[in-house]
Amino acid sequence: MEPQLQAWPTSLSVEPTTSCNLRCPECPSGLRSFTRPTGMLDAQKLSDLLEGPEGLGRDLVYLNLYFQGEPYLHPGMDDLVRVGKRAGLYVSTSTNAHHIHGERAEKLVKSGIDRLIISIDGADQEAYSSYRIGGRLDKVLKGTSAILEAKASLGSRTPHVVWQFLVVGTNEHQLDTMKQMAATHGVDEFVVKTAQLDAPEDGHPLLTTDPKLRRYDRSPEGRWTLRNPMLDQCWRMWQGAVVTWDGKVVPCCFDKDADHAMGTAQNAAEFRDIWRSQRYGDFRRAVFTGRSDIDICRNCTEGTQVWA
């Protein structure tokens with residue numbers, strides 16, 4: 001089948017920074033294992049992508065200011081949000097909430113961000129830090145409270161605050177407790193997310209006992225394999241793309257080290273050329289003819305989030 005491309009993407013993920021304050025064991029930011037450089041997105045470059053008569057904002061609906069790293073380490077994160085809002089987009093991000101407190105929380109709310117996902121992976125410090133290495137649960141709780149208090153004091157309906165619980169073997173016993181904590185703290189939504197593992201195997205500490213809370217199954221021969229079937233299709237090839245802090249356009253969020261960069265875009269015109277380029281077309285064709293041959297697709301777990 002020849003993939004046909006008729007439209008522009010409706011969503012875009014743009015990376016504010018690759019920097020992170022934590023050392024999460026399955027994350028290239030945490031492991032400091034990137035081969036690509038670490039840096040910060042320039043607000044003017046984001047504006048050049050989104051704004052103006054030919055800007056992507058005229059076609060997009062959704063902007064996710066996140067890929068790798070901790071977005072609120074970017075000193076101008078609120079300015080990035082405002083660029084997205086000026087372009088008329090629904091704007092979200094994901095944070096570990098270690099740098100959000102007091103006046104900072106008020107500025108975050110005033111930026112106009114629509115959705116804020118807070119990673120909170122344990123009901124106590126021991127469970128939380130078993131994955132969020134170097135993190136402090138008390139900072140996450142204080143950051144959450146600061147945002148909710150700022151929303152209330154400003155009379156703001158946004159951001160929609162989501163607690164996201166990455167469930168792993170060291171915290172799965174706390175799932176019910178986490179649901180109760182979410183209700184007590186008054187967040188807008190609680191979501192359970194299964195963990196992507198680079199090399200699942202017997203005894204892996206992050207594999208859950210409950211099969212419903214993991215992405216992998218063990219075969220009778222003892223091999224751990226991805227649960228969902230590897231079909232030669234992918235809606236993301238039309239729906240959106242990812243742009244790294246320095247402008248590399250990659251096909252999806254599973255290409256964490258930008259190994260499959262389709263090109264570099266510093267403005268909307270360059271992105272549009274890349275989106276309809278021969279190289280991007282060849283990649284889409286490969287997805288639809290032999291997806292299992294593409295490395296970033298072999299551990300793709302699209303659709304395996306658990307909604308609670």
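1. Helices here are DSSP runs of H or I with at least four residues, and strands are runs of E with at least two, each numbered from the N terminus. The model is predicted, with local features needing pLDDT of at least 70 and side-chain atom pairs counting only at 80 or more, while totals for chains, interfaces and linings use all residues. Residues are numbered from 1 along each chain as its sequence is written, and side-chain values use heavy atoms, with hydrogens and water left out.

2. The search of the whole structure returns three cavities of 30 Å³ or more, where a cavity is a set of points, on a 1 Å grid over the protein atoms alone, at which a 1.4 Å probe fits but cannot get out, and lining residues have an atom within 4 Å of a point. Volume is the space filled by probe spheres set on the points, which are joined across faces, edges and corners.

3. The largest cavity holds about 70 Å³, and α8 (236-239) and α10 (278-290) each give at least two residues to its lining. That lining, which includes Cys234, Phe254 and Cys300, divides into 10 nonpolar (Ala, Val, Leu, Ile, Met, Phe, Trp, Tyr, Cys, Pro), no polar (the others, Gly among them) and two charged (Asp, Glu, Lys, Arg) residues.

4. The second largest cavity holds about 60 Å³, and helix α2 (residues 43-50) supplies the largest share of its lining, three residues. Among the lining residues are Val14, Trp245 and Gln266, and by class there are seven nonpolar, three polar and two charged.

Key: 1 Å grid on protein atoms, 1.4 Å probe; cavity = no way out; pocket = protein on both sides within 12 Å on 5 of 7 lines; lining within 4 Å.
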